Amino acid sequence: MNPKNVVLGVSGGIAVYKALDVVSRLKKKGFNVDVIMTKSAEEFVTPLSFQSLSGNQVITNMFDEPKAFEIQHISLAKKADLMLIVPATANIIGKVASGIADDMLSTTIMAAFGRCPVVFAPAMNTNMYKNPILQDNIKKLIKYGYKFIEPSSGRLACGDTGEGKLQDTELIAEMVESMLYDKKDLAGKKVLVTAGPTIAPIDPVRFITNRSTGKMGYAIAKEARDRGAEVTLISGPSNIKAPFGVDFIKVSTNEEMLKQVLDRYDTSDIVIKSAAVADYKPKTYSDLKIKKSEENLNIEFVKDNDILKKLGEIKKSQILVGFAAESNDLIENAKGKLARKNLDYIVANDITSSDTGFASDENKVFILSKDNSILELNKMSKTDVARELFDLINR
Ligand code: CTP
């Protein structure tokens, strides 16, 4: 498959150096990147840096002898699957909002709009960002259909603190990837995903939990979002950043997860329970810290809710997907859970292998369907497992 083309416009602000990282991240995600720099951008970083990272000639001057293209701003605009402006200064936003096209970047933006998404990632001083003229320009462009990746807040190069910091470069690259995702086959669907472990508190300082990191569930939520679904991700404690564009709900115990899931169950089309829910909790919770007095400490545990089983019992038209983490008799145990919990699919993984399953970036799974078919997948990234799962559900 030919790679998708991102045309990256770089306008002149101190965040230009971060645009280099955006190029590198887009390249790693498999995109072809052509860079256009404004005159002011060249004051911060040389075109050679962008050329080295993109592997393509950088376009700076509108009146250069055409090298790679015939009429460069038109052919680049035609070639672009998406145009991204990083950093977008108040100046380039103002020019585009006013219909000014007087250099390579502004002419290409004008020629690209309507053919492909044009996305601005602004970065500037807080006061400039809050300036009502700039804010009006942004509103005007959004009304026309231009897209914006909002800046974040923090300490800015000028020493001020506030809004105006270029958004995280990985987030920018992820947003581009999401916009360019071809399959939108979950558009209009509501997908509910649970991820991570739950914890069972023992006293104010102690709890028990398990080794789940949430990687698989977060990958599923992102895949569903990229395919156009309205996604809710209910997550137990995890170090992974909440994905953009999903309704994110943090929980810690089995009870909290159950409540949040039940609140949304009836209105969901697809429910995927990849969380590693604690099956037991201490019979009594100690309000005071348990002191070390005896030689042995015995804590009695009682069964907690089996959330997925409850969901299976009250299932209407939802597609219900569970996970089975097994250390032995993988298929047999997974088949049992599929039937007992009234599931449509179960993703079975063997947790004894050190390079798949908990905490790893890859997984080796079987997906069992209620019609008794079994799909065996090769070892692959958790993102690819998520893709295969939705492909199967859609088939
Ligand atoms: N699950 C759940 N509530 C629980 C335990 C599990 O909702 N208290 C869900 C998990 O999210 C997963 C599926 O049930 O989708 C299977 O989880 P797993 O831990 O493999 O199985 P258990 O049912 O807990 O059985 P066992 O621990 O005996 O293997």
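Why does Val33 count as buried?

Modeller: Val33 counts as buried because its relative accessibility is 0%. Buried means under 20% relative accessible area, exposed means over 50%, and partly exposed lies in between, with a 1.4 Å probe and protein chains only.

Some ground rules come next. This is a predicted model, where local features need pLDDT of at least 70, side-chain atom pairs count only at pLDDT 80 or more, and totals for chains, interfaces and linings use all residues. Residues are numbered from 1 along each chain as its sequence is written, and side-chain values use heavy atoms, with hydrogens and water left out.

Val33 sits in strand 2, residues 32-37. Strands are DSSP runs of E with at least two residues; helices are runs of H or I with at least four; both are numbered from the N terminus. Leaving out residues up to four places away in sequence, Val33 touches Val6, Leu8, Val23, Leu26, Lys27, Ser54 and Asn56. Contact here means heavy atoms within 4.5 Å. Glu177 is 144 residues from Val33 along the chain, yet their C-alpha atoms are separated by 13 Å.

Now the whole chain. Its secondary structure comes to 14 helices and 21 strands. Of its 395 residues, 50% count as buried. Take the contacts between residues at least 6 apart in sequence: 65% of them join residues at least 24 apart. The C-alpha trace spans about 80 × 50 × 35 Å along its principal axes. The chain exposes about 19,700 Å², and carbon and sulfur atoms supply 49% of that. These areas come from the Shrake-Rupley method with a 1.4 Å probe; for residues, only the protein chains shown count as cover.

Polar contacts (pairs of N or O atoms within 3.5 Å) follow. A polar backbone atom of Phe323 is 2.8 Å from an oxygen atom of the ligand. A polar side-chain atom of Asp279 lies 3.0 Å from a ligand oxygen atom. A backbone N or O atom of Ile307 lies 3.1 Å from a nitrogen atom of the ligand. Taken alone, the ligand exposes 570 Å², and the protein buries 77% of that.

Conventions: Polar contact = N/O pair within 3.5 Å; in protein donor to acceptor, adjacent residues only side chain to side chain.
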